[in-house]
Each structure stands twice: as C-alpha cells, then as structure tokens.
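Please look over the sequence and model shown below. The briefing covers contacts with a DNA strand and the build of a sheet.

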2 protein chains.
Amino acid sequence: MASIPTATVSRLVTYLRILSQLDEAEVTRTSSEHLAGEAHVSAFQVRKDLAYFGKFGTRGAGYSVQTLRQELMRILGLTRPWNVAIVGMGRLGEALAVYPNLARYDFQLTSAFDVDPAKVGREVNGVRIRHADEIPAAVSDLKIDIALLTVPSEAAQDAANALAAAGVTGILNFAPTVIDAPPGAYVEPVDFLAGLKRLSFYIQRSKAKEATT
Amino acid sequence: MASIPTATVSRLVTYLRILSQLDEAEVTRTSSEHLAGEAHVSAFQVRKDLAYFGKFGTRGAGYSVQTLRQELMRILGLTRPWNVAIVGMGRLGEALAVYPNLARYDFQLTSAFDVDPAKVGREVNGVRIRHADEIPAAVSDLKIDIALLTVPSEAAQDAANALAAAGVTGILNFAPTVIDAPPGAYVEPVDFLAGLKRLSFYIQRSKAKEATT
DNA sequence: ATATGTGAATTGATTCACAGCG
DNA sequence: CGCTGTGAATCAATTCACATAT
C-alpha cells in the first residue's frame, strides 16, 4: 500500500473543514479549484491528495460536497467516536476539558488524570479527575483510544509510556519536548512555543533583510 | 540568500531546547550525534541544518554547548525580547496569559484584547484587557510584535488583518481555520484539532491493517 | 465544454560519503 | 584519529500537461 505523505494527511483535514463549512452553507457541489483556493494550495495538490485514496469526483462536474465530506471522514477515521482522556489537569488540561469542539467531532472526553491529590476527585465537565495511578485500569475499562498529554515536559515520556502500555494508541503531546512514540502508539506534537520561536525567526529575518536594502 | 526549509527552522528550535537542557545540566560540549539522538533525526540532518547558517563546531571535538546555544538563539531571533499580545480572552487566551514559559523565553505579554464588554477592564497576569477597537492605537504604542490569536474561527481573518494593519508582524493562529497571511505579517498555525484528526487517521489505518493480516 | 485523474517532469529535501581541519 | 562541514546522489513531494470521462 502506498505510503501517504504526512503533509497530505494534514491537508485532508483542512479539506474536510472546508467541506463542512460548505455543507453548513448548503452548497452542494465544489471543485478542486475552489478547495485549493480555500486551503491555500494548488488544485493539482488537492487532486493528487485525493488520488491516494480513490476517485471521488465526476469529470466535468467536480465533487459533491456531501459525498466528498463523507469520504474524507471515513478516510480520517472520523465516522466513529473516539474515547479521549486528558492527562495533566493544569490550566491547559482544564481549558481542553471544556473545549466544545472536541465533542462536536466525536472525540468523547471520558476521563481525566492528575498526580496532584488536591485535584483528584474534583469534576470537570462531568468527568471525575482520577489519580494517574489509575491509568492502567481506567484506560482498559473505558477503552480510551487517545490521550491529550498536558503534563510538564519532564513527566511527558513516562506518562506516554504508561498510557501506551495501558492500551492508548494515540497521544497528542502538548509538552514542549520531543517524546519517543512508545510501541503501539502514535504521537502528534502540539507545540505552540515552537511555533512562536519559528515566528521569531521569520520576523527577525525579514527585518534583517529590510536593513540591508 | 539560500532559502531555509521550514522543517529546518522547526528542528533548530528543537536543537535549541536540547542545548538549553544540556546547559542546565552543566554539560559543556556535545556532538551532532548526540543532538541527533535527542531530536530524533539523523546526525547528517543536524549538520546540514546548521550549515545553512555557518560553522559552529570544531572538527574532531564537536560543539560547545554554550556557543551553539547562543548562536541558535541569535539565528532564531531570541536574543531580544518580543512584545506579545493575546487577542481573544476566552479560556485558551487566559491559559496562555498565565503560561510561565512565555516570559522565560523573553516573550513579554504586554497587552490583551477582547470584544466582550464584560471582559474589558479586567486584569490577567498584570495586564489589563482592552477592547479590540483599541488594537490600532495599542499595537503602535506598545510596539507589539506578535499576537496570539485565540478568537473564534469566523473572526480570525478580520482580526489578523486588523493586527497586521496596526503593525503586528507575527501571528500565532490558534483558530481551527486557515487564514491568509496579511501583507507584512507571518502566520503560524497551532491547530490541535487538526493534530487530533491526524491521530485518528493513523490509528484507524493501523487498525485496518491489523484486521487484514 | 469542463474539470477530474494520473503518468512524467521538476523541484526540493534528505541521505550519504568523504574531504578537511583540529 | 575523530567529528565537522559539504558537494554529489538518492529519495520524496509537488507541479505540470494532458488524456479521459461526463
């Protein structure tokens, strides 16, 4: 089976969002051209990305918004609900717990963990915070698929290992550090500090360029 | 001037973090090999990435942790402070406002904006929340370089345009939508929902593969 | 007529091998 | 002798052109 560029997967997510917006606006048909415009890529790119997975359009007429949206949801595994846990109930963990878009996309928050006894037992958005020691039992009981990892950097790798050992297959790592993917699990980093530093690089660079002209 | 791959910039940020950790642990020297191990890339990659910017090591002896760290900070534009504003003081905005690592890296939170009159006037982490109407004046007065954009998707593009017009050169977009980079500004997306959907894709895919074996 | 789907060409990034310097 | 720095080779991704289907 052809291996899919990670950039393609990212773009599929973008196309899906655009299609959802079109669907909400009750637009029924679209084209690679239009999707490309909204996603800020080329129309070639859109068609090539879709071609990895099949043929979804009709020549001369473009794509059905509903059909393509359904197909992308199927490809991305978004037709079934995923059980999600938040690990690390600091400010970020809490902000995520009440984030309404999680449920909208069928990511169901089913549990939350922390090591702080002061937090254990409290409820956030209908979910009781458990002690991290309960991860093995709870992950298996609640069939948790994905963990949002919001613990401090130094605790991230151990937590990821424990989660994967307990059966979690996807980890969204918010800690500003690179962690090894434990056996059997995928890790996606979400590092906004890194994004800030990249911005710093580009801004500084454009200012340096200005100065030399 | 050679154009730098964006992936290289991302990796430089990672190398810098590793060097900072080494420095804290009072390690004085390192090698492309070691940096590569920590960053989960090849040693070739490390050397090639650095080669875009100059020669920082001594052959046979590797790199001085302090020197390379300094150089990377210079390259990434992190030797000067950046003035940062948060635009959109919902839960995420608040979580960011109190995030201690911002200041640690010389990103100084100097202002915060929202459109909600109930929020305007309140203080968060020593910063008064202003009405979004004040953006043009405040950005210029406070010399704001970078905005953390945490408004709803539908407001993101307009806010970005307003910020850029007022003189902001870097925008970290937390809204789950693709926005155009307004003239004169760089945009970095931070979209954890997209990360979540990518995870969904990879998990679902590995499960499908298991089923066929 | 029109817009998709796709092999071929091009561009870009990563890997490699080794020359060069300490 | 060890490890960096770098041109050359490989590999991957994007772009293109056009044949194809409606």
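The model is predicted. In it, 22 residues surround DNA strand C, and an open sheet of seven strands is found in chain A.

**Surface near DNA strand C**
- The closest residues are A:S32, A:R47, A:G57, A:G60 and B:R59.
- Of the atoms of DNA strand C that come within 4 Å of the protein, 67% belong to sugar and phosphate.
- By residue class, this surface has eight charged, eight polar and six nonpolar residues.

**Polar contacts and contributing elements**
- Phosphate oxygens of DNA strand C lie 3.0 Å from a polar side-chain atom of A:Y63 and 3.4 Å from one of B:S42.
- B:R59 instead places a polar side-chain atom 2.9 Å from a base nitrogen of DNA strand C.
- Two or more residues each come from α3 (43–51) of chain A and from α1 (6–24) and α3 (43–51) of chain B.
- α3(B) gives four residues, the largest share.

**Sheet of chain A**
- The strand order is β5-β6-β4-β3-β7-β8-β9, with mixed pairing.
- β5 (123–124) and β9 (186–189) each have a single partner strand, so one side of each has no neighbour in the sheet.
- β7 (residues 146–149) and β8 (residues 170–173) run parallel and are joined by four bridges; A:A147 stands opposite A:I171 in β8(A).

**Helices across the sheet**
- Helix α8 (residues 153–166) of chain A lies across β3 (82–87), β7 and β8 of chain A, at about 170° to β7(A).
- From chain B, helix α9 (residues 192–212) lies across β3, β4 (107–114), β7, β8 and β9 of chain A, at about 165° to β9(A).

Note on methods. Residues are numbered from 1 along each chain as its sequence is written. Chains are lettered from A and ligands numbered from 1 in the order in which they are written. This is a predicted model: local features need pLDDT of at least 70, side-chain atom pairs count only at pLDDT 80 or more; totals for chains, interfaces and linings use all residues. Side-chain values use heavy atoms; hydrogens and water are left out. A residue is near a molecule or strand if one of its heavy atoms lies within 4 Å of it. A polar contact is a pair of N or O atoms within 3.5 Å; within protein, one must be able to donate a hydrogen and the other to accept it, and residues adjacent in sequence count only if both atoms are side-chain atoms. Ala, Val, Leu, Ile, Met, Phe, Trp, Tyr, Cys and Pro count as nonpolar, Asp, Glu, Lys and Arg as charged, and the others, Gly among them, as polar. Two strands pair if DSSP finds at least two bridges between them. Contact means heavy atoms within 4.5 Å. Axes are lines fitted to C-alpha atoms, for helices over the stretch in contact, and angles run from 0 to 180 degrees between N-to-C directions.
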